[in-house]
Amino acid sequence: MAFFDELGKKISITGQDAITKTRNMADTSKINSAISNEQQVINDCYKELGKQLYEKNEDLGDSNIRQLIDCINISFSHIADYKKQINELKGLAICPNCNTAVQKGSAYCPSCGSPMPQEVVAPAPAENAFTCPNCGRVVDPNLNFCVGCGTNIREAIAQAQAQAPVAPAPAEEVFRCPSCGRAVDPSLNFCVGCGAKLHAEPADDE
């Protein structure tokens, strides 16, 4: 692997330099620099180790490693969403064959020549559009027959209107005796149930 070839060269060079320099060096900054080089080698190995574990999807039975793999997958998903938003803002679409960004509306990808998927925009339904009860197609209610299956639209509309639920008439207000609560005729002066006076006498104006 290229990584290990490069890493081997790096270890060999830094190791030889460190041995040669540290024999005669008294400068602590140079020693610290050699330590930093070795730490960079370790960090590169850490990164490559994690990358290989992720690519092989191996968690070694460790829930912590599995959590890190899942976290990386979530971040990759977010990056894909962000790139999609950028393409939307730029008016670009992605070729499904070569992943090249192509201007929206293009019939073919200029990079590989593959046909680009076209967005099919459904026509806006006409005002007061009617859905055919036979095939479910949205049709103009002014037509006599459905353009999809030939159903008589006029008859279908009339049948739908006939089957439409009728709103119940509002209930008449019931007058009740203020004393016993019995429903009584408001034209009466006294309750037929308890004999209480139904209507208060108007106050005399002085």
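1. A salt bridge joins the side chains of Arg66 and Asp70, with an N to O distance of 3.6 Å. The model is a predicted one, and this distance is computed from it. Both residues belong to helix H3, where they stand 4 residues apart, about one turn of the helix. Arg66 is partly exposed, at a relative accessible area of 24%, and Asp70 is likewise partly exposed, at 35%.

2. The whole structure holds 2 salt bridges. Besides the pair already described, Glu88 forms a salt bridge with Lys104, and their closest N and O atoms are 2.8 Å apart. Glu88 is in helix H3, whereas Lys104 is in the loop between strand S2 (101-103) and strand S3 (130-131), so this pair ties together parts that are 16 residues apart in sequence. Glu88 has 45% relative accessibility and counts as partly exposed; Lys104, at 35%, also counts as partly exposed.

3. Helix H3 itself covers residues 63-90. The helix has 28 residues, and the distance from its first C-alpha to its last is 41 Å, close to the 40 Å expected at 1.5 Å a residue. After H3 comes Gly91, whose phi is positive, near 70 degrees.

4. Which residues make the nonpolar surface patch of about 260 Å²? The patch is made by Ile72, Phe76 and Ile79. Ile79 is found in helix H3, and its relative accessible area is 39%, so Ile79 falls in the partly exposed class. Phe76 is partly exposed as well, with a relative accessible area of 47%. Membership of a patch requires over 30% relative accessible area, a cut-off that the values for Ile79 and Phe76 can be read against.

5. The count of aromatic pairs is 1. Tyr54 and Phe76 form this pair, which is tilted: the ring centres are 5.9 Å apart and the planes make an angle of 40 degrees. Tyr54 lies in helix H2 (residues 28-55) and Phe76 in helix H3, so the pair ties together parts that are 22 residues apart in sequence. Tyr54 counts as partly exposed, at 22% relative accessibility.

Notes. Residues numbered from 1 in each chain as written. Predicted model: local features only at pLDDT ≥ 70, side-chain atom pairs only at ≥ 80, totals over all residues. Heavy atoms only, no water. Patch = residues over 30% accessible without salt bridge, like charges linked within 9 Å, V, L, I, M, F, W, Y side chains within 5 Å. Areas by Shrake-Rupley, 256 points an atom, 1.4 Å probe, with all protein chains shown as cover. Salt bridge = Lys/Arg side-chain N within 4 Å of Asp/Glu carboxyl O. Helix = DSSP H or I, 4+ residues; strand = E, 2+ residues; numbered from the N terminus. Buried < 20%, exposed > 50% of the residue type's maximum accessible area, 1.4 Å probe, protein only. Expected span 1.5 Å × (residues − 1). Phe/Tyr/Trp six-rings, centres within 6.5 Å; stacked < 30°, edge-to-face > 60°.
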